[in-house]
Amino acid sequence: VAYYFEPVGTLSIGVFQNTISNIRNTFEFDEPEDFARFGLDPNEYPGYVIRSTLNGSGTRRFRGMEFEYRQSLSFLPGILGGFNVFANYTRNYADQRRGGLVPHQISGGTSYGWKRISASARVVWTPDTPWTQNIVQQYRAERLLIDLSASYRVTDRMTVSFSGRNVTNEPHRRVEDRPEGRIVANEEFYGTAWSMSVRGTF
């Protein structure tokens with residue numbers, strides 16, 4: 001359902017439901033009997049964790065909803081009229097724990113266009129998210145991702161573009177809730193992905 005308003009704005013809400021059979025789930029194992037089940041000698045792999053993807057039994061139901069707002073700020077004076085803004089909230093549900101399913105996501109940002117220049121910025125926030133299917137106290141930690149992009153139309157036939165993903169180098173951090181408190185089980189930094197392109201039309 002969407003509502004359109006002036007000047008060039010929309011408010012929308014969407015809902016969905018999916019029922020999936022034999023869905024693939026990610027599991028982690030670290031007990032000696034788990035290594036034996038995979039044909040491995042636990043004495044050869046001290047401190048290792050087996051991570052495997054297996055088909056689950058039965059069916060799983062997923063539900064979700066999404067709210068979105070978008071608007072052009074063309075009513076602003078002068079060059080400020082080139083701004084656009086947007087915001088989005090997504091809520092996901094599952095009838096059973098699902099590793100990697102983000103329960104909430106909030107995103108927002110702005111874009112701008114003026115003559116030959118265009119640019120955009122986007123921010124995405126997610127809370128602690130269940131990370132594996134069988135280790136219920138393990139989560140991917142809350143994080144905030146920021147993406148930027150810009151382009152310049154050099155001529156009517158050539159445009160130069162730049163973009164950066166995760167410009168603050170936010171880590172992928174896995175945490176565990178233990179009796180002694182929350183610990184960081186794993187932390188990985190993938191860096192910022194910068195790219196440049198030149199597009200020509202002939």
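Student: Which ring does the charged end of Arg70 sit over?
Tutor: A charge sits over a ring if NZ of Lys or CZ of Arg is within 6 Å of the ring centre and within 35 degrees of the ring normal. The charged end of Arg70 is 4.9 Å from the ring centre, and that ring is Phe86.

Student: What kind of model is this?
Tutor: Residues are numbered from 1 along each chain as its sequence is written, and side-chain values use heavy atoms, with hydrogens and water left out. Local features need pLDDT of at least 70, side-chain atom pairs count only at pLDDT 80 or more, and totals for chains, interfaces and linings use all residues, the model being predicted.

Student: How far is the charged end of Arg91 from the centre of the Tyr93 ring?
Tutor: It's another charge over a ring, with Arg91 sitting over Tyr93. The distance to the ring centre is 4.2 Å.

Student: Is the pair of Tyr3 and Phe5 stacked or edge-to-face?
Tutor: Rings of Phe, Tyr and Trp (its six-membered ring) pair if their centres lie within 6.5 Å, and planes under 30 degrees apart count as stacked, over 60 as edge-to-face and the rest as tilted. That rule gives five aromatic pairs. Tyr3 and Phe5 have centres 6.0 Å apart and planes at 25°, so call the pair stacked.

Student: How many residues apart in sequence are the parts that Phe83 and Tyr112 tie together?
Tutor: These two rings make a tilted pair, 4.5 Å centre to centre with 45° between the planes. Strands here are DSSP runs of E, at least two residues long, numbered from the N terminus. Phe83 is in strand S6 (residues 83–94) and Tyr112 in strand S7 (residues 104–114), so the separation is 29 residues.

Student: Is Tyr112 buried or exposed?
Tutor: Buried means under 20% relative accessible area, exposed over 50%, and partly exposed in between (1.4 Å probe, protein chains only). Tyr112 has 18% relative accessibility, so it counts as buried.

Student: Where does Asp95 lie, given its salt bridge with Arg60?
Tutor: A salt bridge puts a side-chain nitrogen of Lys or Arg within 4 Å of a carboxyl oxygen of Asp or Glu, and the whole structure has seven of them. For Asp95 and Arg60 the N to O distance is 3.5 Å. Arg60 is in strand S5 (residues 59–72), 35 residues away in sequence, while Asp95 lies in the loop between S6 and S7.

Student: And what is the relative accessibility of Arg60?
Tutor: Asp95 is partly exposed at 44%. Arg60, on the other hand, counts as buried because its value is 3%.

Student: How many bridges join strand S13 to strand S14?
Tutor: Strands pair if DSSP finds at least two bridges between them. S13 (residues 172–178) and S14 (residues 181–188) run antiparallel, with a two-residue hairpin joining them and Arg174 opposite Asn186. The bridge count is seven.

Student: How close do the N and O atoms of Arg173 and Glu187 come?
Tutor: Their side chains form a salt bridge. It links S13, where Arg173 is, with S14, where Glu187 is, 14 residues apart. Arg173 is partly exposed at 24%, and so is Glu187 at 39%. The closest N and O atoms are apart by 2.6 Å.

Note on methods:
Helices (H or I, at least four residues) and strands (E, at least two) are DSSP runs, numbered from the N terminus.
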